Amino acid sequence: MNSKYAPLFESFTFPSGVQVKNRIVMAPMTNFSSNPDGTVTDAEVKYYARRSGGVGMVVTACTYVTANGKGFQGEFGGDRDELIPSLQQHASGIKEQGAKAVLQIFHGGRQCPPELVPNKEVVSASAVPAEGGGKPVPRELTDQEIEAIIQDFGQTTRRAIEAGYDGVEIHGANGYLIQQFFSPHSNRREDRWGGSIEKRLTFPLAIVDEVKKVVAEHAEGPFIIGYRFSPEEPETPGITMAETFVLIDALLEKRLDYLHVSLQDFWSQPRRGVDDNRPRIEIIQERVGQKVPIIGVGSLYTADDVLKASQTGVPFIALGRELIIDPDWVQKVKEGRESEIATKIDKDKQEELMVPDPLWQAIIHSPGWFPGVE
Ligand SMILES: Cc1cc2nc3c(=O)[nH]c(=O)nc-3n(C[C@H](O)[C@H](O)[C@H](O)COP(=O)(O)O)c2cc1C
């Protein structure tokens, strides 16, 4: 290995005690490839195994914690005990290759396609549709339903423990239900779940508390709890950097294993809410310091891209698309073969890359989404 990359290969022990062998994480990526009953497919298990030999930790595609949270065609389920064997198959496919397996737990809220949820009834914090036109008007959840969804996040965590995952990541990012409660765009409630920023935090923090409680009760050894958030929203009203600091400060109190900053571009700058034009990730890293490890992500492809990102002081770097393009990324850097890393999808290599059909079709028919697909 070229010695300049050595910092990427330092092991790390999370606050819970789980140890990972290096600083590269596979970013959570939905693959549209599970069975209609919510079980994982063999193709999907092989796709993960193919990418779990080098990275320290894999964060899985999101899994829905309850039926009306299913956000994608072919999403796998974590909402029923009968799915535990499927989850087990998924977790061991990753762990057998040497990576830690972290299940991303999720509810899609107003972003769920109506045809995927019971009675085509899409739900959210308030009856405000997502922007973009033609989006369904969600039904506002009742107090009792909100309490039930918090329990559902806990129950899916219990299933993750029983299935052998090393941890869970609470999906509070990318505009899904947890973020919908925090956002002033989607949360217009005036009860205990909304109104002030503190009240908009009630739902996300209640989920964190429930997940922590379940882990304390059920996990027999160290178990990772991470939280993913998006630092800003484009909408007005919408989450600003200033509001994100309030979220971060509240999450710091919870003593989690990591915070995962969901960005499409690692180096992107704040839109509003802070008088600082450094990259968002640097501002966040400075605020958090050593209090909790951060995972950064977004449009990083080469070994030098990742090295430069890690030199900001962010302890973990996640790769999404790049690990689909080149599943041997970590091994190549480790063996001094970083010049052999592919950074564009090769449309002739589906089989070699072990990418299941539904994901492959989505990739090759979405110009501009992946490098190499115009
Ligand atoms: C195919 C695909 C599926 C994704 N699914 C998820 C998901 O299930 N959960 C999530 O938090 N982010 C998801 N993302 C976002 C990625 O985790 C990541 O933040 C984003 O792709 C930027 O990183 P990259 O440039 O390394 O791909 C997905 C991205 C892609 C490309």
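Visitor: Which residues of helix α9 are buried?
Guide: In α9, which spans residues 303-310, the buried ones are A303, V306, L307, A309 and S310. Buried means under 20% relative accessible area, exposed over 50%, and partly exposed in between, with a 1.4 Å probe and protein chains only. Helices (H or I, at least four residues) and strands (E, at least two) are DSSP runs, numbered from the N terminus. This is a predicted model, in which local features need pLDDT of at least 70 and side-chain atom pairs count only at pLDDT 80 or more, while totals for chains, interfaces and linings use all residues. Residues are numbered from 1 along each chain as its sequence is written, and side-chain values use heavy atoms, leaving out hydrogens and water.

Visitor: What covers the buried residues of α9?
Guide: The cover includes β3 (24-26), β12 (316-319) and α11 (329-334). Contact means heavy atoms within 4.5 Å.

Visitor: Which strands make up the closed barrel?
Guide: Eight strands, in the order β3-β4-β5-β8-β9-β10-β11-β12, with parallel pairing. Two strands pair if DSSP finds at least two bridges between them. Three bridges join the parallel strands β3 and β12, so this pair meets the requirement of at least two. In β12, A318 is the bridge partner of V25.

Visitor: Which strands does helix α3 touch?
Guide: Helix α3 (residues 143-163) packs on the sheet and touches β4 (57-64), β5 (100-106) and β8 (167-172), and its direction makes about 160° with that of β5. Axes are lines fitted to C-alpha atoms, for helices over the stretch in contact, and angles run from 0 to 180 degrees between N-to-C directions.

Visitor: Why does R280 count as buried?
Guide: R280 has 9% relative accessibility, and therefore counts as buried. R280 lies in helix α8 (residues 280-288). Leaving aside neighbours within four places in sequence, its contacts include P231, E232, M241 and L263.

Visitor: Why is the pair of W369 and F370 called edge-to-face?
Guide: The planes of W369 and F370 are at 90° and the ring centres 5.2 Å apart, so the pair is edge-to-face. Rings of Phe, Tyr and Trp (its six-membered ring) pair if their centres lie within 6.5 Å; planes under 30 degrees apart count as stacked, over 60 as edge-to-face and the rest as tilted. W369 is partly exposed at 35% relative accessible area, whereas F370 is buried at 3%.

Visitor: What makes the aromatic pair of F14 and Y258 tilted?
Guide: Their planes are 45° apart, with 6.0 Å from centre to centre. F14 sits in the loop between β1 (12-13) and β2 (19-20) and Y258 in strand β10 (residues 258-261), 244 residues apart. F14 is buried at 2% relative accessible area, and Y258 is buried at 0%. F12, F14, Y258 and F316 form one aromatic cluster.
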